Amino acid sequence: MTKVSMTVNGKAVSGDVEGRTLLVQFLREGLGLTGTHVGCDTSQCGACVVHVNGESVKACTIFALGCEGAEVRTIEGMANADGSLGVIQAAFQEHHGLQCGFCTPGMVMSAADLLSRNQNPTERDVREWLEGNICRCTGYHNIVKSIMAAAATLRGEQVAAE
Amino acid sequence: MYAFDYARPASLAEAIEAMKDEDAKALAGGQTLIPTLKQRLASPTTLVDLNGIAEIKGICLKDGMVAIGAGTRHAEVADSADVQRLIPALAHLAAHIGDPQVRNRGTLGGSLANNDPSACYPAAVLGLGATVHTSAGRAIAADDYFQGMFETALGEGELITSVDFPVPEKAAYMKFVQPASRFALTGVFVAKFLGAVRVAVTGASESGVFRWPEAEKALSANFSAGALDGVALGADGMIGDLHGTPEYRAHLAGVMARRAVTAAG
Amino acid sequence: MPKDHGIGASSKRREDVRFLTGKGQYTDDINRPGQAFCYFLRSNVAHGTITSLDVSAARDAKGVVGVFTSKDLEGLGGIPCGWEVTDKDGAPMKEPKHPILAEGKVRHVGDPIVAIIADSLAAGRDAAELVELEIDELPAVVDMREAIKGGTVLHDVAPDNICYDWEFVAENKAAVDEAIRNAHHVTTLELVNNRLVPNAMEPRAAVGEYDAGRDEYTLWTTSQNPHVIRLLMGAFVLSIPEHKLRVVAPDVGGGFGSKIYHYAEEAFITWVSKRVGRPVKWNADRSEAFMSDAHGRDHVTKVELAMDQEGNFLALRSSTLANMGAYLSTFAPCIPTWLHGTLLAGNYKTPLIFTNVKAVFTNTVPVDAYRGAGRPEATYQLERTIDKAAREMGIDPVELRRRNFVKPDQYPYQTPVAVIYDTGNYDATLDKALELADVRGFAERKADSAARGKLRGLGIANYIEACGIAPSSLVGALGARAGLYEAATVRVNPTGNVSVFTGSHSHGQGHETTFAQVVADMLGCEEANVDIVHGDTSRIPFGMGTYGSRSLAVGGSAIVKSVEKIITKAKKIAAHLLEASEADITFANGQFTVAGTDKAIDWGSVALTAYVPHKYPIDDVEPGLEETSFYDPANFTYPAGTYVCEVEVDPDTGVVEVQSFVAADDFGNVVNPMIVEGQVHGGLAQGIGQAILEGCSYDENGQLLSASYMDYAMPRAADLPMFVVDHSCNTPCTHNPLGVKGCGEAGAIGSPPAIVNAVIDALSAHGVTHIDMPLTPRRVWEAIRAARN
């Protein structure tokens, strides 16, 4: 066992892990942050997407020890400070962008990375960005709508702030 | 996964030292290696994580070539203004490997060291005639580097440090994706240099990435899609699986080559 | 104005908040103190005899709590089958034992052989490598056409590998044969309905715990119907009485049928938690899911459609081989028979129909219901055959369909395949779909595609399905070993808020929102004052679960019945409080009023009085305000609709791109349009996936080739267009109180033939008349090449 330390959703955390402990195992089993899900074993479904140092990665395809000192953000860290849903989360509820909810955390985290890079994505941009996120319930229609709507809201907020 | 020790060297020298253990394995982006470990198809005693080595990361211009550190992630290559300006086909290729999360982790060196027969980067390295630099101080020409499916010229414990890409007059990469894995079912990289054209095909052959001399000859004489009329790959030695017969892959190589030539302009 | 509240409103889903913030509680999120982990060692060969099995080294391995084989399970039952189909000669189907762990023989890749309980999953997996297992491999049989020849036999009880040989409607056989012999034209089509892997994003999981002090078991499991699991597992497998067995299906990450069934793993986990004296968790990884979740579809069918000169359908004859896999899954026998043969009339007035279905054992994962279950297979063969018939007869495919529709004045319509359609209007959805798809502009779009070197095709399909399964007396007569009613308790709490306990589990369908809309609408209260509880046998009175688009039609009706009883009782209390006659009390908008007066009392006061019965009609009614109902439907419901799509085919590569997709559905009344549309979207994606991407594939040795997402192509966002969905043409169901029909499966039923018809339309100029699904680039390219040569 080796000690690993990182920041998760703004909080410094540490724990003892094996070399083979994946980030997703550390989050779920070590920290009890079970919002990050595991839906496959070939690094394709994206249910486990989190942010490491601001970029979306698959938490099932990175070792906990590889995240030593990193800033990690998970679905549990996406709500507003007052506990209300963040812009992307709210858009998913508003536009019915989720059904069973299992792929949803990964979808939200992936969408957040997209919108941090591209404030004005086209429908095609969104669909291509979601290459690494599989949903079996929604047919993606309302996920795409949710992300487009969140982008619009975020642009509006930025305009308002200026 | 089997248990292993985890080493995270901060320098290339430390990494070379750690790789002296014959059962050590280097971890680059991990996007192929980690799924492989999960399936217990590999059992290294030590995993040497290369992600903390600054000296093998980054993109710079060197002697008219684009030099890319082995630890540079696909997303960085895709987003690099230098790569986009000098070899837009390479930026485009990097921007379409796997998915965004794979591109945020996967590295050039990891892809080349693994040499998956369906990977994209080998097509660019071979198609551009790039040079692979290693921790053993070797500079290996692309034509010598790829030695068959998952086989490379790298020695035991030898790590890729950087790759120098010559800048072509024009180039393009066309990929036909396997619908499940989204790897290349067949991908063709076409590059036109002064006086010569190189064509590299990935995804198709049981021997891994390869150059297509007949196509190169035809395109060297006349760089247009029409020049490839009548130029066809044989199905012998092509991969046959659930997603494509050898004949289909050979056919796709022709289609992708024509489209790449058209895209290169 | 769209409604913003109650029935008909697109109320936002309340369950979303927990899912969007990472606070969902899926089975794998549940951890019990002291829990151990289970790893199943599974067969890596498709068929073989276990000649030697030594687990002693595994037992001694570090971190191992216990190692179990079938020898340790003596006295336990096998996994039961819930439906018995009768052979054409009257004999019961062949029903081989489905052991929890392999007994002497393995019959498919993934068949569990050894279970290892360890302190960690890694330790269990390490120990599995120490198991000394020798299997004498036998020839495997995967292709049903080979299997029925005998030779390689899976089960001694079925020497020709045939589970049953079923004929329906047997009395029609001679007349159908005669009509086909004498018809002006007979269109014949042989087709494959490809095997699919359901692939709910949450893999199956189970946590078992035994409370020795109370002699009680609890199983948390990924189930669409926890009561059914309690019944099957308790009564048939483990001999645990219901009152000592609690089954909880917490948040469940999608099911699509695959989580209906009782699986060996959950029975083992429950049993072993007592045996090892610790809670035990098992969580499938995706690779395990591919080889142990029940698969779907897998039919090989020959259809013959007889017509007169005008294209009027005279008779339909269909024969099908239906794959059961290696063992019978819970509802497997019923899918190709009663959920398939009874739908062969489709939307049409074909007077004579006969079908023969042989269910076949093969060395593959068991096959059972997957979204649509039998109805997609019926629809696919009809709609593909009709399209082919239209080409052969030179009749416009729309016109040929319309000519043969059951017409609105013909309801109730008795089909020749037993079922009676209560209501419908197929012309309406057809017209709506054609309008929304701008079919008139197709020629221009086709020319535009051609200018870009692409082949454009237009595809149409109608569907009808039987949902709201089902009248218990009927299904009992057809072989079901259970009733198919639904139960609901509505509890009005003392301060007037409402807890609803329903047997209809929600795993993506949004019941927590929709059911609350229904109750709030009836009680005239805020939706927020109604809580929906599901998924726990210790809290819910009973339930038959969620499948077959039955939740609102059957489960919702049970809730309605309970609310009606509540209102009746509350009126008695209100009458007493208002000193009026019960007959004079009206209830609306949450108020009880005395007709013709201004005397009124609100809901809250009545609720409180029920629990504080100081001034109370105690001689007439008991205190409290809680009612339970069991609703047994009078008939199936019959959603129907028309799907129109356009595809573009790249002739150089064989790639099919779905350019547009229009779905016009008749679901009867709609409670939450937003959720209904979402259900259609999801169904369409699965149907389009079946048509162009997904295919479960075995090699001749029974090795699963499509064993992960590397080879099984799941639809991604970029594979699909935005959908156009419409549910405005509705004919309310005539026999349930809400007039609802069900919307969960329609998308998956109607879309495969629409897509395939569109691709064949695109390729017809090349002479291609049929391609079996999935229409992968390789297959399409090969079909074009074959037709050209």
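Which domains of chain C each give at least three residues to the lining of the second largest cavity?

## Reading the model

Residues are numbered from 1 along each chain as its sequence is written, and chains are lettered from A in the order in which they are written. In this predicted model, local features need pLDDT of at least 70, while totals for linings use all residues.

## The largest cavity

A search of the whole structure finds 13 cavities of 30 Å³ or more. Here a cavity is a set of points on a 1 Å grid over the protein atoms alone where a 1.4 Å probe fits but cannot get out, and lining residues have an atom within 4 Å of a point. The largest holds about 720 Å³, the volume being the space filled by probe spheres set on the points.

Its lining has 50 residues, and those nearest the centre are Gln509(C), Gly548(C), Ser549(C), Arg550(C) and Gly744(C). Two or more residues come from each of helix H14 (511–523), helix H15 (551–578) and helix H17 (673–693) of chain C; helices are DSSP runs (H or I, at least four residues) numbered from the N terminus.

## The second largest cavity

This cavity has about 200 Å³ of space. Among its 23 lining residues, His98(C), Tyr263(C), Ala264(C), Ser292(C) and Pro366(C) are the closest to its centre.

Back to the opening question: domain 1 (18–138 + 201–254 + 259–292) and domain 2 (299–469 + 635–788) of chain C each give at least three residues to this lining. The domain bounds come from an automatic or database domain assignment.

Notes:
This is a predicted model: local features need pLDDT of at least 70, side-chain atom pairs count only at pLDDT 80 or more; totals for chains, interfaces and linings use all residues. Side-chain values use heavy atoms; hydrogens and water are left out. On a 1 Å grid over the protein atoms alone, a cavity is a set of points where a 1.4 Å probe fits but cannot get out, and a pocket is an open set with protein on both sides within 12 Å along at least five of seven lines; lining residues have an atom within 4 Å of a point.
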